[in-house]
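Please keep the sequence and the structure in view while reading.

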Amino acid sequence: MIGALPEEIVFTSGGTEADNFALEGIAYAHEATGNEIITSAIEHPAVLACCDFLATRGFKITHLPVDQFGVVSSESVAQAITPKTILVSIMHANNEIGTIEPIREISEVIKGARGQGPGARKIYFHTDAVQTAGHIPVNVNELGVDLLAVSAHKLYGPKGVGLLYVRQGTKLTSLIHGGGQERNRRASTENVAGIVGFGAAAEIAVREMADENKKLVKLRDDFIKKVLTGISDSHLNGDPVRRLPNNVSFSLNYIEGEAMLINLDFEGIAASTGSACSSGSLEPSHVLKAIGLSYELSHGSLRFSLGKETTEEEVERAVEVLDKVVKKLRAMSPLGKK
Ligand code: PLP
């Protein structure tokens, strides 16, 4: 699924552990050569919280900003690299707004900064591919990464299993110490049932990817077009073109996202405000903040995820219901426009 050799795979308990292993594993194995890590402002908490932890252990973290579409520019990576940089971690696609990052371009910049020959430095490149593996083509060599995280449940596999791709020759400090499993990289008896389920899900994902993508991109673009043309003061979050086939994220003026969610739920439509990990908190999502949305607008944001079983009729109904709910809430909104 990702173009790796079998020995380059370490199975983990999920995407979070894979991200933590990449970051902490590189940080501790290479701290003698440098203590600086570059990441973006819009990473999943599996990366951001781990970076916060590493900051308490003496590592310096640079959080790169993104543009209005959520894109990390390769120029910003080039500018942030210093002689002390040991790791760059930029996600392949964002889980809230669906933007796909220019990973290949960023890897070229890192390759340039490393240099060649005896003076070559090691700057490792990790990408969190939890949102992309099994959904769009992911190839570790084409992307030019040293480390890559995947989670099974995001591609219809079982929960509680994931993997970290580790390019041959990459030295990592283990997080879990004990027996010699996973080539001495992760101790503990393997989750065989989970791993086999992950393998089966990956096989199906690869087989169905092209057809699935075609279907989802059409549904996604219909959904976006209908909302942007049919509902006033609605905006698309994320990149209009370079985005995940299954992600639709809007922000709507003069509306409170939680009220929208409850009303949609009454009609049997599941959506999310911000990210699932931040819902339940009143803080606007860090991703929506990073793309420059105001406090009010980020509270009026809504994300829909499309999947294998989503139909055209469901998309049509979701738009109809959303239109009705938005009108109702705006009519009673203290936030402004009626
Ligand atoms: N990274 C991204 C981009 C995700 O979307 C998620 C899950 O939502 C994770 C990491 C964490 O994966 P897991 O739940 O398997 O630990």
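## Basis of the model

The model is predicted: local features need pLDDT of at least 70, side-chain atom pairs count only at pLDDT 80 or more, and totals for chains, interfaces and linings use all residues. Residues are numbered from 1 along each chain as its sequence is written, and side-chain values use heavy atoms, with hydrogens and water left out.

Domain 1 contributes 29 residues to the contact and domain 2 contributes 26 residues, where contact means heavy atoms within 4.5 Å.

Together the domains bury about 2,100 Å², of which 60% is on carbon and sulfur atoms. Buried area is the accessible area (1.4 Å probe) that two parts lose on being put together, summed over both. On the side of domain 1, Glu96, Ile97 and Tyr156 lose the most area to domain 2, together 33% of what that side buries. Zero salt bridges are counted between the domains; a salt bridge is a side-chain nitrogen of Lys or Arg within 4 Å of a carboxyl oxygen of Asp or Glu.

Helices (H or I, at least four residues) and strands (E, at least two) are DSSP runs, numbered from the N terminus. In helix H2 (residues 45-55), the residues Ala46, Val47, Leu48, Cys50, Cys51 and Leu54 are buried. Buried means under 20% relative accessible area, exposed over 50%, and partly exposed in between (1.4 Å probe, protein chains only). The elements covering these buried residues include helix H1 (15-30), strand E2 (36-40) and helix H9 (286-290).

## Salt bridges

The structure contains 12 salt bridges. One of them joins the side chains of Lys308 and Glu208 (2.8 Å, N to O). Lys308 lies in the loop between strand E10 (301-305) and helix H11 (312-331) and Glu208 in helix H7 (residues 192-230), so this pair ties together parts that are 100 residues apart in sequence. Lys308 is partly exposed, at 30% relative accessible area.

Lys218 and Asp222 also form a salt bridge (3.1 Å, N to O). These two residues are four residues apart in helix H7, separated by about one helical turn.
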